[in-house]
Amino acid sequence: MSLFLQQIINGLTLGSIYGLVALGLTLVYGLLHIPNFAHGALYMVGAFMSYFFMVDLGAHYWVAMAGSAAVVAILAVLCERLVFHPLRNSPPIHDKIAAIGILLFLEAVVQMFWGSDFRRMSSPFGGILNFDGLIIPEQRLLIIAGAFVLVVALQLFLRKTMTGATIIAMAQSRDGAFLVGIDANRVAMMTFAISGMLAAFAATLYAPINLVYPTMGHLVIMKAFVIIILGGMGSVPGAIVGGMIIGFAEALGGFYISTSYKDIIAFGLLVLILSIRPQGLFAKGAH
Amino acid sequence: MFKFASLLMTPAAKYLMLAFAVLFPFFAANEYQVYVMATAFVWAIAVYGLNIITGFCGQLNLAHGGFFAIGAYTLGLLTVDFGWSFWPAFLGALVMTAVLGFLVGIVSLRLKEHYFAIFTLCVGFIIYLLIDKWEELTHGAIGVRDIAAPYGFGLVDFTETTPFYYLVLVFLVFAIWFMGRLSKSLLGRTFIAIRNGDELAQSLGINLMRNKVLAFVLSTTYAGLAGALYAGMVRFIGPEEANVQHTFDMITYLLVGGIGTIMGPLLGTIGLVWITQSLQFLEEYRMIIFGPLLVLLVIFFPRGITGSFLTWMHRKSQSLAPAKKRQESKVATAQNREAESNA
């Protein structure tokens with residue numbers, strides 16, 4: 001039973017991280033209909049920035065997290081301005097190829113500065129809590145709590161502030177948003193900034209229980225895509241629920257079926273689901 | 001200038017290029033250069049496959065490198081673990097990639113645009129993970145060693161670089177010839193109609209699914225052919241062969257050369273493979289150049305070298321043509337523009 005609970009905690013941890021990454025991806029997709037393949041690279045840069053601030057500059061964990069979020073947000077806005085904005089009227093295949101170009105570039109730059117080695121990043125929350133035999137590392141609790149706080153904050157931002165409302169308005173109807181005079185450029189930049197920040201937060205939360213290396217974004221971004229297809233592309237609650245489904249499937253599958261094939265579980269699930277429902281599990285209609 | 005431009009596209013130019021390719025081993029500085037050129041040709045064959053599904057049919061397939069790896073692994077495993085000789089295993093690799101292409105195709109091609117790209121990205125990753133983890137079948141991270149070389153019917157020894165170069169060249173010429181025939185055939189035009197719009201194609205009575213799956217199977221068979229040749233050439237393969245990076249490389253080659261064109265994949269691949277070779281000192285950092293190159297290309301030259309060249313030539317011929325012809329070419333430009341905007 002305790003082993004099972006352990007897997008539940010693992011599932012929640014993974015689900016939280018995947019959910020945060022998928023949230024950023026789904027926001028950009030919902031607004032601009034760009035599947036941003038470079039999002040995984042933003043996640044990776046987020047981890048390296050935190051590593052840089054913490055290990056190389058000796059900053060505190062929270063400071064490093066904030067710094068990394070700021071850097072990645074700026075980077076994401078630059079991607080929007082320099083790459084996706086000029087391509088807004090191009091055929092959809094071009095956005096995707098451009099995103100791949102950004103991904104390759106960011107990975108190469110990080111590799112140039114830090115090499116391709118696996119790095120460890122510690123955090124001040126290295127302790128382990130013991131609840132009557134149920135062992136929970138503090139960092140895992142922080143991940144779950146952190147993801148919860150971020151999701152609530154994002155919801156409040158989208159629902160309660162004017163800027164958030166413009167983002168929702170534009171996601172619901174582009175033409176309608178233009179009619180009431182919403183500045184599309186500002187909204188697009190804002191969305192990319194939020195998306196980048198979420199990726200950086202997720203990376204900084206997850207890095208202490210994982211490793212930091214230039215291709216660390218690959219698996220995460222692909223799972224995030226599986227999640228937003230599961231949850232309906234562009235849907236915020238879908239990303240969170242989808243994140244939890246994949247997180248639990250992976251934790252339980254890895255434990256009860258096979259550790260070496262645990263990464264295939266998410267993709268197998270996607271293949272299965274799309275074979276039955278080409279428009280995704282919860283999506284109302286195919287985009 | 002104009003005369004020179006039109007010359008480049010004549011059959012004479014193609015024969016000149018062929019002659020250059022045939023004579024290349026004689027004026028290459030060393031055997032290594034022949035080897036690099038053979039590698040470029042192998043990749044070019046795979047890129048032609050990508051051109052069928054992505055260039056002609058308009059579906060961004062991100063599992064292409066995976067099918068390349070399946071071709072290489074089928075040949076490798078059939079010769080090493082099952083004791084087949086090269087040519088039967090080669091046929092086996094073609095059949096395997098065609099069958100798997102068919103199976104993946106019938107599931108994935110029901111999906112539209114983004115969904116298709118994401119799905120194939122995941123398929124590519126599943127192929128990589130399976131090759132890496134399924135050790136009983138694929139030898140896992142150790143890779144497959146001592147793959148059989150093609151036997152040359154007693155006269156030539158294909159373990160040598162130069163004979164193998166010619167073997168690859170024969171397949172490449174065939175691949176390009178087939179692509180040329182395809183682009184002019186009804187089938188090829190059907191593919192282009194699908195790229196220009198699903199609904200439009202359907203309204204013309206085109207069976208979308210059947211044609212897309214056919215294009216996909218053709219494309220994966222090209223990738224399998226290239227993969228099998230690659231395995232026969234290097235004779236050692238590992239999970240890295242299935243790395244998604246290879247898919248991205250091929251997309252870059254295709255885009256630089258000119259997506260949807262006949263000579264583009266060849267020019268793009270050879271050009272970039274040689275540039276990569278001369279940038280050896282950059283090793284894995286070459287993506288610092290290739291990444292932004294990819295972005296700049298889709299923004300400023302979405303049709304690549306060959307495509308931009310063709311457009312430029314078309315404009316030239318328009319300004320030189322008499323008024324009556326200009327009227328005709330206006331129609332052509334409109335069609336061209338439509339094709340461009342959907343490429």
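I worked on a predicted model, where local features need pLDDT of at least 70, side-chain atom pairs count only at pLDDT 80 or more, and totals for chains, interfaces and linings use all residues. Residues are numbered from 1 along each chain as its sequence is written, chains are lettered from A in the order in which they are written, and side-chain values use heavy atoms, with hydrogens and water left out.

Interface. I looked up the contact (heavy atoms within 4.5 Å) and found 46 residues from chain A and 41 residues from chain B. The two chains bury about 4,100 Å² between them, 80% of it on carbon and sulfur atoms; buried area is the accessible area (1.4 Å probe) lost on putting two parts together, summed over both. On the chain B side, His114(B), Tyr115(B) and Ile118(B) lose the most area to chain A, together 18% of what that side buries.

I then listed the helices (DSSP runs of H or I, at least four residues, numbered from the N terminus). In chain B, H6 (113–133), H12 (244–257), H14 (287–300) and H16 (323–342) each supply at least two residues of the side that touches chain A. H6(B) gives the most, with 13 residues.

I checked for salt bridges (a side-chain nitrogen of Lys or Arg within 4 Å of a carboxyl oxygen of Asp or Glu) across this interface, and the rule finds zero.

Helix pair. I took H1 (residues 2–32) and H6 (residues 162–172) of chain A, which pack at an angle of about 55 degrees with their axes 7 Å apart. Axes are lines fitted to C-alpha atoms over the stretch in contact, and angles run from 0 to 180 degrees between N-to-C directions. I noted Gly30(A), Leu31(A) and Leu32(A) of H1(A) against Ile167(A), Met170(A) and Ala171(A) of H6(A).

Salt bridges. In one, Glu250(A) pairs with Lys223(A), the closest N and O atoms being 3.1 Å apart. Glu250(A) lies in H10 (residues 236–256) and Lys223(A) in H9 (residues 217–231), 27 residues apart.
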